[in-house]
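Subject: A structure for you to explore

Hi there,

I'm handing over a structure that I hope you will enjoy looking through. Open it up first, and then read my notes alongside it.

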Amino acid sequence: MGADRVWQRPAPLQPGDRLVAIAPSGALREQTAFWQGVEQWRARGYDVQCSPGFDQRWGYLAGTDDHRRQQLAQAWADPACRGILCVRGGYGGTRLLEDWTWPEGPPKWLIGFSDITALLWSLGCQGISGVHGPVLTTLAAEPDWSRSRLFGWVQGQPLPPLQGESWAAGRAAGPLIPANLTVATHLLNTAHQPDFRGAILALEDVTEAPYRIDRLLTQWRMSGALASVAGIALGRFSQCDPPPNVPSFTVEEVLRDRLLDLGVPVVAHLPFGHDGPNAALPLGAWAELDADQGTLAIAS
């Protein structure tokens, strides 16, 4: 996969641009954190509008599938909207894809992570680059460098490299495909799975016991999904502890066991994912993974 296969980056944002907050997944619970996140964008001059009914609840979801799908469709079709800010993750994004076609029109920014992986990957299959980064309920808790990284990227600025820890030496370059491991596993072999050939796969997860991480990665291995990736970047696997009083591997032992025999460079402990700094990662951007130095760099 060459550099000509990278996904299209939307036009840079400018202060005054309209951004629309939508809740495509789980019901909003963190009201204070949400409005703090909205204020982060507004303080930088953006016109942030909340989609009508973004705070609805239907069980664990932020409204019915049709309601949440309508939020996404209306924001995408709005000619004044330059970008879509996802309220939170949780669960539910994949349900929208059962009956979804991306409308025609110029690319817009789509920003989120965790369950938003489903929408980011689906959009990427249209050749449009979204941002795997903080949702509105987590943005205010990010360190200054992480917020600056996100705001800088959407305004057209370059990204500094990220430092991690080398697990398997070597160097690789290719389009970057970040994801939550659990959500991504349930998109394998669907129409919303991106092309992994020559890609740098960046994975994170939260609250999954080591045996569950093992099961997920074994599915990737058996499906052949890992056979053509050029390299693997690992973020945080937080709260992925073994159940108490049960014999277990650690999550790091599982990751090493399931990934280090693939013959590709692997860099771990990069600063993205849940429960800590969540560095913005643009989907489909050209990335260079240097596992000799333990770095992940994104081309401008």
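Let's start with a pair of helices. In helix H8, Pro210, Ile213, Asp214, Leu217, Thr218 and Arg221 meet Val251, Val254, Leu255, Asp257, Arg258 and Leu259 of helix H9. Please keep in mind that this is a predicted model. H8 covers residues 210–223 and H9 covers residues 251–259; their axes come within 9 Å and cross at roughly 15 degrees. Angles under 35 degrees count as roughly parallel, so H8 is roughly parallel to H9. The crossing of H8 past H9 is right-handed.

Next, have a look at the strands. An open sheet of six strands runs in the order E2-E1-E3-E4-E5-E12, and its pairing is mixed. At its edges are strand E2 (47–50) and strand E12 (281–282), each of which pairs on one side only. Within this sheet, strand E4 (residues 109–112) and strand E5 (residues 131–132) run parallel and are joined by two bridges. Glycine 112 has histidine 132 in E5 as its bridge partner.

Helices pack here too. Helix H1 (residues 31–42) packs on the sheet and touches strand E1 (18–22), E2, strand E3 (81–86) and E4, with its direction at about 150 degrees to that of E2. Helix H2 (residues 65–77) lies across E1 and E3, and runs at about 175 degrees to E1.

Now turn to strand E8 (residues 171–180), which is mostly covered: eight of its ten residues are buried. E8 pairs with strand E13 (residues 286–290) in the antiparallel sense, over five bridges, and there glycine 174 stands opposite alanine 287. E8 also pairs with strand E9 (residues 200–206), this time in the parallel sense and over five bridges. Asparagine 180 has glutamate 204 as its bridge partner in E9.

Histidine 274 sits in the loop between strand E11 (266–268) and E12. Is histidine 274 buried or exposed? Its relative accessible area is 13%, and buried means under 20%, so histidine 274 is buried.

Happy exploring, and do write back with any questions!

Best wishes

Notes: Residues numbered from 1 in each chain as written. Predicted model: local features only at pLDDT ≥ 70, side-chain atom pairs only at ≥ 80, totals over all residues. Heavy atoms only, no water. Buried < 20%, exposed > 50% of the residue type's maximum accessible area, 1.4 Å probe, protein only. Helix = DSSP H or I, 4+ residues; strand = E, 2+ residues; numbered from the N terminus. Pairing = 2+ DSSP bridges. Contact = heavy atoms within 4.5 Å. Axes fitted to C-alpha atoms, helices over the stretch in contact; angles between N-to-C directions. Parallel < 35°, antiparallel > 145°, perpendicular 65-115°, else oblique. Left-handed = near helix turned anticlockwise from the far one by under 90°.
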